[in-house]
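Have the model open beside you as you read.

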Amino acid sequence: MSLERFMKKAVSSWMSEEGPDSDIVLSSRIRLARNLKNFTFPTLYSHEEAQNIVSILKDKMQGEIPGIGKLELIKMNELQPLEKRVLVEKHLISPHLSEHSPYGACFLSDDEKISVMINEEDHVRIQCIFSGLQLSEALEHANKVDDWIEENVDYAFDEQRGYLTSCPTNVGTGLRASVMMHLPGLVLTQQMNRLIPSINQLGLVVRGIYGEGSEALGNIFQISNQMTLGKSEEDIVEDLKSVVQQIIDHERSAREALVKTSNIQLEDRVFRSLGVLSHARVIESKEAANCLSDLRLGIDLGYIKNIPKTILNELMILTQPGFLQQYSGGILRPHERDIRRAAFIRERLHLENTKE
């Protein structure tokens, strides 16, 4: 398969679109946790109960959701390990669903903005991903899916506590709102380590690109709410948006300071990284992530003009192990993946240059 055809098939809409403030905010995600009434939660249910839940939801979710369309059912036990890994790398399912839910499933929209995980930590986890800073828009779409499902099934709900969930930290709204941010300016000016404790004090948490326990590769950080009880969904989203806007302002100020005080060094860093990406024959994931971060910063600052901004979104995902092996058509050893990653990036950059 050619790279261009592979990318058209593999790239989700949020990776290739530019939303508001997309120079810093790569994506916005809303996730709603729900459970079915009168069913044991996934932490304790039997395999028979898990299969029954999938059957019920498959039957109830066959129609089209107004404004969303039809969702396609994908069962985890019908996928190969590599296929599940690719879904994780695209942020369409969680590692938990992939690895620990043999009777789990997922409903996906055609544009992959909507993903409904079944039998993850909760019976139902509705997820919506938009490009840029579009938390309110993502919440609106997630609520459409939530309302549509609730018309067909009864959720576990308490008048005082709200939606009941497997983990007590999700009780209430069951809402996790998060943004994925590219923050090289704050990292290079050594402000990020001081900023994280301040963000935590506001009831938010800072994680890596794949959420809890993951590393912030390529200066990409996920920022999300911790509290789900005691606030409305709209208030949670507005509070997060307010903090994110302040971080955006700090990041832009940091970039301006770097241009003023270290412009030639910064430009040199950007073009060295471009040189590595354009010519390296072997590259590990961490080095690739750092070079891609520099490349995206160079594009945002106007040093590089012939490469689209969305290249960071695309290649941070498409150069993960699952995608590399899917593109190559088979299992690769770690060193082989490093060779394939370098070739993939060179092909991608060459493909852009041929459009000129």
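Is Asn 219 buried or exposed? Asn 219 is buried, with a relative accessible area of 13%; buried stands for under 20% relative accessible area, exposed for over 50%, and partly exposed for what lies in between (1.4 Å probe, protein chains only).

1. Ground rules. This is a predicted model, in which local features need pLDDT of at least 70 and side-chain atom pairs count only at pLDDT 80 or more, while totals for chains, interfaces and linings use all residues. Residues are numbered from 1 along each chain as its sequence is written, and side-chain values use heavy atoms, with hydrogens and water left out.

2. Positive phi at Asn 219. Asn 219 is a residue other than glycine, yet its phi is positive, near 60 degrees. You will find Asn 219 in the loop between β11 (204-207) and β12 (220-225). For the element names, helices (H or I, at least four residues) and strands (E, at least two) are DSSP runs, numbered from the N terminus.

3. Positive phi at His 91. His 91 is not a glycine either, and its phi is positive at about 65 degrees. His 91 follows α4 and sits in the loop between α4 and α5. With a relative accessible area of 11%, His 91 is buried.

4. Helix α4 and its surroundings. Helix α4 covers residues 81-89, and its buried residues are Lys 84, Val 86, Leu 87, Val 88 and Glu 89. These buried residues pack against α5 (95-100), β5 (105-108), α11 (311-318) and α12 (321-328). A view from the α5 side is given by Ser 98, which belongs to that helix and is buried at a relative accessible area of 14%. Apart from neighbours within four places in sequence, Ser 98 is in contact (heavy atoms within 4.5 Å) with Lys 84, Val 88 and Ile 93.

5. The structure holds 22 salt bridges, a salt bridge being a side-chain nitrogen of Lys or Arg within 4 Å of a carboxyl oxygen of Asp or Glu. One of them joins Arg 34 to Asp 146, with the closest N and O atoms 3.0 Å apart. Arg 34 lies in strand β1 (residues 25-34) and Asp 146 in helix α6, so this pair ties together parts that are 112 residues apart in sequence. Both Arg 34 and Asp 146 are buried.

6. A pair within a helix. Asp 268 and Arg 272 form a salt bridge whose closest N and O atoms are 2.7 Å apart. Why are Asp 268 and Arg 272 separated by about one helical turn? Because they are 4 residues apart in helix α9. As background, an α-helix has 3.6 residues a turn, so residues three or four places apart point the same way. Asp 268 is partly exposed at 38%, whereas Arg 272 counts as exposed at 58% relative accessibility.

7. A salt-bridge network. Glu 120, Glu 121, Asp 122 and Arg 125 are linked in a network of salt bridges. Within this group, Glu 121 pairs with Arg 125, the closest N and O atoms being 3.3 Å apart. Glu 121 is partly exposed, with a relative accessible area of 26%, but Arg 125 counts as buried at 5%.

8. Gln 245 lies in helix α9 (residues 233-279) and is partly exposed, with a relative accessible area of 31%. Leaving aside neighbours within four places in sequence, Gln 245 is in contact with Asp 21 and Leu 133. The C-alpha atoms of Gln 245 and Leu 133 are separated by 9.1 Å, although the two are 112 residues apart along the chain. Asp 294, for its part, is in helix α10 (residues 285-300) and counts as buried at 6% relative accessibility. Not counting residues up to four places away in sequence, Asp 294 touches Arg 269, Val 270 and Ser 273.
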